[in-house]
Amino acid sequence: MTTMPSHGLRCLNSYPWLQNLRRPPPSYSRSSLSSLSSSSPLEDSEETQSDAATYPNTNSNTNNNKKKTDSYFPKRGQTLELVCESLAFKGKGLCKVADTGFVLMCDRALPGERFLGRVTRKKDNYAEVTKLKTLSPHWDFVEAPCEYALHCGGCKTQNLLYEAQVRAKEQQVRELVVRVGKFSDKDLESFDIMKPIVPCDIQFHYRNKMEFSFGSKTWVPGGLLKDKQSDASDYALGLHAPGFFDKVLNVNKCFLQSEPANKVLKAIQDCWRDPKLGLSPYDVRSHVGFLKHLMLRTGRDVNTGLPELMVNFVTSSHKPELLKPLVEKITAIPEVVSIVNNVNTSVGNTSVGEDEYTLYEKSTITEVLRGLTFEISANSFFQTNTHQAEVLYGIIGDYADLKGDGSEIVLDLFCGTGTIGLTLARRVKHVYGYEVVPQAISDACRNAKMNNIHNATFIQGDLNKIDVDFGKDFPKPDIIISDPNRPGMHMKLIKYLLKLQAPRIIYVSCNPATCARDLDYLCHGVVEKNIEGCYKLKSLQPVDMFPHTPHIECVCLLELQ
Ligand SMILES: C[S@@+](CC[C@H](N)C(=O)[O-])C[C@H]1O[C@@H](n2cnc3c(N)ncnc32)[C@H](O)[C@@H]1O
């Protein structure tokens with residue numbers, strides 16, 4: 001329970017970071033998609049989205065604000081004693097100024113925690129604070145097993161009891177669906193729409209893909225960089241400091257990735273700074289240096305069920321001789337079955353190379369999902385928590401409620417490497433998949449063939465740019481799966497779906513804010529555009545795919561009214 005005094009709290013919008021969600025997502029562009037993926041190693045699907053937290057203010061409370069005096073707004077640099085009330089979007093702690101109720105968001109503040117915070121950024125209706133000192137700890141405190149947990153940009157809630165993490169995620173989804181989606185709390189309850197979140201049974205070592213970055217100066221927690229001239233001992237290989245593309249926290253072990261992947265990370269950490277090897281980290285400011293990223297992907301040998309690993313070195317130029325000593329060292333690890341080198345000569349921080357070279361054995365690894373085998377290449381999308389993807393796809397299968405007589409048509413939008421559609425294909429007439437990344441489309445076609453599935457067609461196209469011809473390549477679907485990345489669906493696609501009127505839509509989302517917005521459009525229409533909604537939200541199931549991180553997945557079932 002918060003110890004915040006309740007007197008004098010002003011009635012103001014407690015959700016200012018949700019403002020202007022109605023801004024349509026930007027059109028896809030390859031560079032923008034990949035730039036964010038590299039800045040955020042844990043967020044495969046965190047692309048160009050206009051992050052709800054950074055939207056400009058178009059608050060319904062604007063009139064109210066006009067009346068507020070200057071003293072209402074905390075000043076930049078001001079230090080305040082605060083209590084975190086709950087976790088909000090992106091896992092930030094929500095706090096309010098005691099005597100005014102002004103909303104403040106603080107990274108890594110956890111519910112119940114009393115702390116001193118300094119105002120760092122002001123938005124129109126809320127401000128961001130940085131935690132200076134914890135005065136009394138949060139509720140549900142647990143020891144974090146990882147030594148980097150307090151500073152790493154990956155995990156943010158490792159020292160919050162897992163049950164409390166999922167409770168907070170569920171609450172966040174509910175609030176978004178009510179506030180942004182405009183569904184009433186009563187409806188969510190009485191029609192049993194909102195299901196309790198499905199927790200993840202495996203809370204550590206669940207990620208099958210991690211991307212580490214090389215940096216020329218290791219980031220020291222607290223934000224201080226050593227000022228001496230950097231030398232090899234200052235080089236870092238690890239994860240980005242929260243919010244910084246140019247600062248890398250050196251990491252020797254990550255509790256989210258598999259143990260074999262940690263063996264590889266350690267082997268590389270043990271040797272890459274050796275001056276005899278002549279290896280240098282790429283400096284994102286001076287654009288000098290060779291090693292950019294180390295991507296580790298863990299799959300499974302389909303015959304033995306044992307883990308198999310892909311190691312992907314992303315470098316600024318093609319110099320295989322420089323990588324040779326690292327390759328020799330890691331091929332001694334039995335789980336390593338693939339070593340590739342993506343060469344990315346651009347000044348950007350992306351991990352997708354213009355050219356890819358296979359340095360050891362093969363260029364793909366395999367994984368099994370719902371009884372099908374998938375080949376995964378270095379840059380193709382694959383659900384990053386395989387264990388929980390089984391659960392997620394199970395829910396999708398239940399919601400699809402297929403007749404099983406091979407009569408139905410499934411349209412799989414944002415299909416990636418085709419995994420969802422392919423897991424349904426054997427029970428339907430035909431699956432049509434749409435996806436923007438050409439490599440994912442070729443992987444999807446290969447995956448269909450490998451699993452002897454001949455009733456699936458995958459088409460490359462940008463779903464943010466559909467025109468009147470969209471839909472001419474496939475018959476009217478019975479079931480639509482839509483699994484966009486964080487920006488959600490473009491208005492063009494929403495309009496198309498409302499016109500098409502397929503009997504059922506299964507909306508899979510990794511961003512509950514844009515999910516709630518799109519549900520509102522599909523169910524209630526878009527008043528300002530004179531568009532009527534025609535779907536009914538039947539069920540909404542949050543799923544925790546990423547323990548210790550703020551990410552939340554939701555599966556929603558919509559039926560034509
Ligand atoms: C969250 S992933 C889902 C992938 C797949 N459904 C799965 O479960 O593996 C979203 C996919 O949408 C694709 N994508 C992003 N923007 C797109 C666009 N404008 N048009 C088509 N596909 C897009 C991404 O490349 C990515 O493969």
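The UniProt record, in an unreviewed entry, places the feature "active site" at Cys510. UniProt positions follow the numbering used here, with feature names shortened, and annotations may be inferred rather than shown by experiment. The model is predicted: local features need pLDDT of at least 70, side-chain atom pairs count only at pLDDT 80 or more, and totals for chains, interfaces and linings use all residues. Residues are numbered from 1 along each chain as its sequence is written, and side-chain values use heavy atoms, with hydrogens and water left out.

Cys510 lies in the loop between strand E21 (504-509) and helix H11 (512-524). Helices (H or I, at least four residues) and strands (E, at least two) are DSSP runs, numbered from the N terminus. Cys510 has 9% relative accessibility and therefore counts as buried (under 20% relative accessible area; exposed is over 50%, partly exposed in between; 1.4 Å probe, protein chains only).

The structure holds 10 aromatic pairs. Rings of Phe, Tyr and Trp (its six-membered ring) pair if their centres lie within 6.5 Å; planes under 30 degrees apart count as stacked, over 60 as edge-to-face and the rest as tilted. The ring centres of Phe374 and Phe382 are 5.9 Å apart, and the pair is tilted because the planes stand at 55°. Phe374 is buried, at 0% relative accessible area. Phe382 is buried too, at 3%.

Phe470 and Tyr496 pair edge-to-face, with 4.9 Å centre to centre and 70° between the planes. This pair links distant parts of the chain, 26 residues apart. Phe470 sits in the loop between strand E19 (456-460) and strand E20 (479-482), and Tyr496 in helix H10 (residues 491-500). Phe470 is buried at 12% relative accessibility, as is Tyr496 at 16%. Ring pairs join Phe470 and Tyr496 with Tyr432, Tyr434 and Phe474 in a cluster.

Two lysines sit over rings (NZ of Lys or CZ of Arg within 6 Å of the ring centre and within 35 degrees of the ring normal). The charged end of Lys253 is 5.1 Å from the ring centre of Phe255. Lys536 lies over the face of Phe191, at 5.7 Å.

The structure holds 4 cavities of 30 Å³ or more. A cavity is a set of points on a 1 Å grid over the protein atoms alone where a 1.4 Å probe fits but cannot get out; lining residues have an atom within 4 Å of a point. The largest cavity has a volume of about 100 Å³, the space filled by probe spheres set on the points. Of its 15 lining residues, Cys146, Cys152, Cys155, Leu239 and Cys254 are the closest to the centre.

Notes: On a 1 Å grid over the protein atoms alone, a cavity is a set of points where a 1.4 Å probe fits but cannot get out, and a pocket is an open set with protein on both sides within 12 Å along at least five of seven lines; lining residues have an atom within 4 Å of a point.
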